[in-house]
Amino acid sequence: MPRWRSTLTFSQPIETNGSHYKFITTLFLHPQSQITTRVYHPSSRSITFNKMSSKGDTDSKKGGRGKSKASTKSVSRSSKAGLQFPVGRIARFLKAGKYAERVGAGAPVYLSAVLEYLAAEVLELAGNAARDNKKSRIVPRHIQLAVRNDEELSKLLGSVTIANGGVLPNIHQTLLPHKVGKDKGDIGSASQEF
């Protein structure tokens, strides 16, 4: 009997042809990626096993240990996690940085997802700022406007200086010209227009 690497069980009631089945699906992950599911039939009290293979037919596989070299195709951890940021590179940096003696398998995936989310958020807001200024290219000024106009990003990057970012357009209220004629609508200084 082969050793199963891990199991995952969940149950779901189903109805087929008027009879009710309790569909207990147990996924036995075999080392050769063979998946076995079982379906329990309450009426006959029998269990049906269904074998599926993720890599074609495993019965026609030739003997020997491990996987064959020709059929093995490497899949990156980024694509497995559905991310654009490099999980393997971040794992390497975490290990080389000696932040801890050991680095878990989920830590670089989680960190990659957080960094990708932050980058996407900043780029979306910077793209909106560039479009508001009728530009098709994001420059540091647009990133500065995007970050400082967003409350949470401004708090996160409060002590960060963005090179060539400039400042937010702001004129203090006391520096604005006073209105002299309130009923006429005149402004006190004719040298500036607002």
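Helices here are DSSP runs of H or I with at least four residues, strands are runs of E with at least two, and both are numbered from the N terminus. On that basis the chain comes to 5 helices and 4 strands, and reading along the sequence gives the pattern β-β-β-β-α-α-α-α-α. The model is a predicted one, so local features need pLDDT of at least 70 and side-chain atom pairs count only at pLDDT 80 or more, while totals for chains, interfaces and linings use all residues. Residues are numbered from 1 along each chain as its sequence is written, and side-chain values use heavy atoms, with hydrogens and water left out.

Of the 194 residues, 17% count as buried; buried means under 20% relative accessible area, exposed means over 50%, and partly exposed is what falls in between, using a 1.4 Å probe and protein chains only. As for contacts (heavy atoms within 4.5 Å), take those in the chain with a separation of 6 or more: residues 24 or more positions apart account for 23% of them.

Now to helix 2 (residues 87-96) and its partner, helix 3 (residues 106-132): their axes come within 9 Å and cross at roughly 115 degrees. These axes are lines fitted to C-alpha atoms, for helices over the stretch in contact, with angles running from 0 to 180 degrees between N-to-C directions. The two helices are therefore roughly perpendicular to each other, a label for angles of 65 to 115 degrees. On the helix 2 side, Val-87, Ile-90, Ala-91 and Leu-94 do the meeting, and across from them in helix 3 sit Ala-107, Pro-108, Val-109, Leu-111, Ser-112 and Leu-115. The residues of this contact divide into 9 nonpolar, 1 polar and no charged. Nonpolar covers Ala, Val, Leu, Ile, Met, Phe, Trp, Tyr, Cys and Pro; charged covers Asp, Glu, Lys and Arg; the others, Gly among them, are polar.

Val-87, Ile-90, Ala-91 and Leu-94 of helix 2 are buried. They cover an arc of only 105 degrees around the axis, which puts them on the same side of helix 2; the arc is that of the directions from the helix axis to the C-beta atoms. The buried residues of helix 2 pack against helix 1 (77-81) as well as helix 3. Phe-93 and Ala-96, on the other side of helix 2, are exposed. After helix 2 comes Lys-98, with a positive phi near 55 degrees.

Further along, Asp-150 lies in the loop between helix 4 (140-149) and helix 5 (151-156). Asp-150 is partly exposed, at a relative accessible area of 23%.

Methods:
Parallel < 35°, antiparallel > 145°, perpendicular 65-115°, else oblique.
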